[in-house]
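Biologist: Could you take me through one part of this model at close range? I would like to see what surrounds it.

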Amino acid sequence: MTEAELMQLLAAITPPDETARAAAHTHWASLAKPLGGLGALETLLEDAAALTGTAQFDFSRRAVAVLCADNGVVAQGISQTDQSVTRAVAENLAARRTSVCRMAQAAHCDVLPVDLGIAGAPVPGVRDCRIAAGTADFTKGPAMTHAEAVEAIGRGIALTRQLAAEGYGLVATGEMGNTTTSSAVAAVLLAQPVQTMTGRGAGLSDAGLARKVDTIRRGIACNVPNPDDVLDVLSKLGGFDIAGLCGMFLGGALAGVPVLMDGFISGVAALCAVRLCPAASKAVFASHCSTEPAARLVLDALGKTPLLTAGLHLGEGTGAVASIPLWDMALAVYDGCYSFAEGGIAPYTPQC
């Protein structure tokens, strides 16, 4: 995909359908329960109506796409593990043995592991959407080329649109990436100090955290990304996982499919998508608030409220999948609860 083709797609993303949102709101108000009694579960479906253009829903088919990619900056010792772990987790995703696979089975959700840029040969059983065998070390220059960033976004867009064409009504996002790149991107886009946006990831020591903060500072100083140019920031500091996830949110906006944001990395990708096209916000649905220190800042910047606050920070899309049963419960009431008229009860009216 070229940048011109990407911009053409972004121009096709329409604002939310407020008529459909109002129809869903009216339906909720007709049900025999206190007005707004299910809180965020009600606005969840109203937002989904605004995205899909209809107040009738089918979320029976759902999938979590786990985007796997290696990041060259791990050479700076900013992680407890080396790149071999990405491959090992991808192999276990393909074998359906990881945490998100077990949770997805409980949530009746398909798992789709995707290779956006794992170092080494392709992993059997993992969808091959790779851009390159990992990004470069951003302390020595850009993580990827501008064209590679655009292509990764394009592949994310194509992935969500393909899932929509296959009948999936709900798409969750996951990743096997690195929080160093997401902290770097978020620090620039939100104009925040690096230390504010950087956490311990998979459990760094104090010394490891200090090394991670220093690495990000050096990467920003080396590349001097333009905070007003998302593609510039992504290409210089990001990862193929972030760029691909960014595309998935944009693809959801184009296809009219809710895309469930997972934790911090997924949230930074959503922020990139909304900075590229504000109307794409309609496809972004926050699942939970990660314990990464900057996660709440990213949610606030997106104007999104998470369904869960459970101290999750595992990755793989586990938080997004954990929220899916709440969608099922919301829809169970929306579709099956009796109305005031059916129950012979005078409807509630707003008192304020």
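Modeller: Thr179 lies in helix H7, where helices (H or I, at least four residues) and strands (E, at least two) are DSSP runs numbered from the N terminus. This is a predicted model, in which local features need pLDDT of at least 70, side-chain atom pairs count only at pLDDT 80 or more, and totals for chains, interfaces and linings use all residues. Residues are numbered from 1 along each chain as its sequence is written, and side-chain values use heavy atoms, with hydrogens and water left out.

Thr179 counts as buried because its relative accessibility is 16% (buried means under 20% relative accessible area, exposed over 50%, partly exposed in between, with a 1.4 Å probe and protein chains only). Not counting residues up to four places away in sequence, Thr179 touches Gly201, Lys212, Phe264, Ile265 and Glu292; contact means heavy atoms within 4.5 Å.

Lys212 brings us to the neighbouring topic, helix H9. The axes of H7 (residues 179–189) and H9 (residues 206–223) come within 10 Å and cross at roughly 55 degrees. That makes H7 oblique to H9, since angles under 35 degrees count as roughly parallel, over 145 as roughly antiparallel, 65 to 115 as roughly perpendicular and the rest as oblique. The axes are lines fitted to C-alpha atoms, for helices over the stretch in contact, with angles running from 0 to 180 degrees between N-to-C directions.

From H7, Thr179, Thr180, Ser183, Ala184 and Val188 meet Lys212, Ile216 and Ile220 of H9.
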